[in-house]
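This briefing is meant for someone meeting the structure for the first time. Please look over the sequence and the model shown here, and then read the points below, which are grouped by topic.

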Amino acid sequence: TWDELPSFELYMDQVITLMDKQLAPFSLKGDRLLTSSMINNYVKDGVLPRPESKKYSKEHLAMLLIICMLKSVLSLPEINIILQNMAADHGVKELYPKFSDIQTQVMQETASRIEAAKEQDTDALFQLAMTMAMEANARRIAAARILDALVPREEKDKKEKKAKD
């Protein structure tokens, strides 16, 4: 939750340590979902604000968690569009609880589906794995199309160009 994020600023190595712990349940076979190079690229691409005096705030941490959870599904420019548009009016402090609530709901629904399939047989688990993969693909495409429809092409091109500069 927002309140569980550190309220004091952290240096890069502290951010990486904290994020490794927070993201561990979402990592497969010990893969690192965040490195210092990734953070530097997010800043360079304009997806993450520059740290102040090499220190990262609570807002930075929240944005990094959102980015890490979305990057396996959406492109960085698409994630940037979501962050810029959803945080524009109320800031990351308002966006993060929405993200956290959605994440919790989706994880609970997924866990329930897995538990129900486990009560059946191995075939049910294989079928569920295939179904979830197909749903993930369909939802990834739908999310990209929604973002494409919401953001006029010219504005999207400007944001992508700005992220590259």
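Arg113 is partly exposed, with a relative accessible area of 34%, and its side chain meets that of Glu135 in a salt bridge with an N to O distance of 2.8 Å. This pair links distant parts of the chain, since Arg113 belongs to helix H5 while Glu135 belongs to helix H6 (residues 122-150), 22 residues apart. The model is a predicted one, and the points that follow should be read with that in mind.

- Glu135, the partner of Arg113 in this salt bridge, is itself partly exposed, at a relative accessible area of 24%.
- A search of the whole structure finds three salt bridges, and another of them joins the side chains of Asp20 and Arg32, with 3.1 Å from N to O.
- Asp20 lies in helix H1 and Arg32 in the loop between H1 and helix H2 (36-44), so this pair ties together parts that are twelve residues apart in sequence.
- Asp20 counts as partly exposed because its relative accessibility is 32%, and Arg32 likewise counts as partly exposed, at 47%.
- The side chains of Lys118 and Glu115 also meet in a salt bridge, here with an N to O distance of 3.4 Å.
- Lys118 and Glu115 are three residues apart in helix H5, so about one helical turn separates them.
- Glu115 has a relative accessibility of 43% and therefore counts as partly exposed.

## Overall build

- The protein chain has seven helices and zero strands, so that, read from the N terminus on, its elements run α-α-α-α-α-α-α.
- Taken along the principal axes, the C-alpha atoms of the protein chain fill a box of roughly 55 × 40 × 30 Å.
- The protein chain has 165 residues, of which 31% count as buried.
- Among the contacts in the protein chain with a separation of 6 or more, 62% are accounted for by residues 24 or more positions apart.

## Surface and charge

## Aromatic pairs

- The structure holds two aromatic pairs, one of which is formed by Trp2 and Tyr96, a tilted pair with 6.2 Å centre to centre and 55° between the planes.
- Trp2 lies in the segment before helix H1 (12-23) and Tyr96 in helix H5 (residues 92-118), so the pair ties together parts that are 94 residues apart in sequence.
- Tyr96 also pairs with Phe99, and because the ring centres are 5.7 Å apart and the planes stand at 40°, this pair is tilted.
- Tyr96 and Phe99 both lie in helix H5, where they are three residues apart, about one turn of the helix.
- Trp2 and Tyr96 are buried, and Phe99 is buried together with Tyr96.
- Trp2, Tyr96 and Phe99 form one aromatic cluster.

- Glu78 is found in helix H4, which covers residues 76-87.
- The relative accessibility of Glu78 is 13%, and because buried means under 20%, Glu78 counts as buried.
- When its neighbours within four places in sequence are left aside, Glu78 is in contact with Ala144 and Leu147.

## Backbone angles in a loop

- Most residues other than glycine have a negative phi, which is the background for the two residues described next.
- Ser53 has a phi near 55°, a positive value in a residue other than glycine, and its place is in the loop between H2 and helix H3 (58-70).
- Lys54, in the loop between H2 and H3, has a phi near 65°, which is again a positive value in a residue other than glycine.
- Ser53 is exposed, with a relative accessible area of 65%, and Lys54 is exposed with a relative accessible area of 65% as well.

Terms used
Residues numbered from 1 in each chain as written. Predicted model: local features only at pLDDT ≥ 70, side-chain atom pairs only at ≥ 80, totals over all residues. Heavy atoms only, no water. Helix = DSSP H or I, 4+ residues; strand = E, 2+ residues; numbered from the N terminus. Buried < 20%, exposed > 50% of the residue type's maximum accessible area, 1.4 Å probe, protein only. Contact = heavy atoms within 4.5 Å. Phe/Tyr/Trp six-rings, centres within 6.5 Å; stacked < 30°, edge-to-face > 60°. Salt bridge = Lys/Arg side-chain N within 4 Å of Asp/Glu carboxyl O.
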